[in-house]
Amino acid sequence: MDPDVTMAYGDHPDQVIDFYAPREPDPEIPTPLVVVLHGGAWRAPYDRRHITPFADFLTRRGFAVANVEYRRGEATSPAPGALAIPAQGGPAVSGPDGVASSGADGSGDRGDGGARGGSGTATGTATSTPVAGRWPDTFDDVAAALDALPALVREALPQADPRRIVITGHSAGGHLALWAAARHLLPADAPWHTDRPASLRGVVALAPIADFQVAEKLAVCGGASRQFLGGEATFAERLPYADPVRLLPTGIATTLVQGRTDIVVPQAVAESYADAAAKAGEVVGLTLLDDVGHFPLIDPAADACAVVAEEIAQLAW
């Protein structure tokens, strides 16, 4: 689905937002806006296009949508014959969107990044795996996009209600959604720090990389979190500026949606964030879906995607 309009929030080609108007909106009711942050282990080959079917799905549920692009890691090509995104289980086949899938019927699950989540088995050699994220550019972009959003929405989607904004993100995008809602808790010297909480109805994080240290223990996406923060030398010192589990309580309604059979970003990562939130005095919703892996959460053909839309609706309306 092509966006109704694409607008820039900066000069770099990746600093753009695709806006989608709701299908058959009620002219008497201002439309909630869902801000979507895509996943892909913060790696360059995986851009916002893979989540456009999810954006279209949300417009058919009555939402306006802003699909945010941002700078990711360097665009290093995978090794010849390597799978760009591996299947979660079973033999991988080429899916309709050009990435690997474990089932031609769309029922399979696809990985996020260049490695199997639980095992850390890379699809190519270490030198051919795309770099995860850019420090500090990825955070610069997400902050700039959210700061520019109110003015851009007024121009692109005047029917959207700026008082009803929900941020959602999948996998690495789930991390960025949680981070964006917690900027007021960043260290004071962080360039992305804000003086007050963002004006949001809530956050719905889908299989988020929500605790970097747990993610590293589980080798999520081939150690993408550590790579994103610059490697071993800078990982610990940058955690307070990047890791959502360190930024609690946010005071913003937050729900995590997680598949129990997700081996790309396992359930333990979401549970660690929810536990940390509880210890900080904040109740974070955690919806666990049986027999659901990583990608059904953003697959309009999957029942899990309808659950996600309902979680968003509960916060937006």
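## A buried cysteine

Cysteine 305 is buried, at a relative accessible area of 0%; buried here means under 20% relative accessible area, exposed means over 50%, and partly exposed is anything in between, using a 1.4 Å probe on protein chains only. Cysteine 221 also counts as buried, at 0% relative accessibility.

What about disulfides? A search through the whole structure turns up 0 of them, where a disulfide is a pair of cysteine sulfur atoms within 2.5 Å. As a reminder, a disulfide is a covalent bond joining the sulfur atoms of two cysteines.

## What you're looking at

This is a predicted model, so local features need pLDDT of at least 70 and side-chain atom pairs count only at pLDDT 80 or more, while totals for chains, interfaces and linings use all residues. Residues are numbered from 1 along each chain as its sequence is written, and side-chain values use heavy atoms, with hydrogens and water left out.

Threonine 168 sits in strand β7, which covers residues 160-170. Helices (H or I, at least four residues) and strands (E, at least two) are DSSP runs, numbered from the N terminus. Threonine 168 is buried, with a relative accessible area of 0%.

Who does threonine 168 touch? Leaving aside residues up to four places away in sequence, the list is Val34, Val35, Val36, Leu37, Phe54, Ala177, Val204, Leu206 and Ile312. A contact means heavy atoms within 4.5 Å.

## Two cis prolines

Going from tryptophan 135 to proline 136, the peptide bond is cis, with omega near 0°. Proline 136 is in the loop between β6 (100-101) and α2 (137-156).

There's also a cis peptide bond from leucine 248 to proline 249, this one with omega near -5°. Look for proline 249 in the loop that runs between α6 (232-242) and β9 (254-259).

## Positive phi away from glycine

Cysteine 221 comes up again for its backbone: phi is near 55°, a positive value in a residue other than glycine. Its place is the loop between α4 (212-217) and α5 (224-228).

Aspartate 291 has phi near 55° too, again positive in a residue other than glycine. That aspartate, residue 291, belongs to the loop between β10 (285-289) and α8 (303-316). Is aspartate 291 buried or exposed? Aspartate 291 is exposed, because its relative accessible area is 71%.
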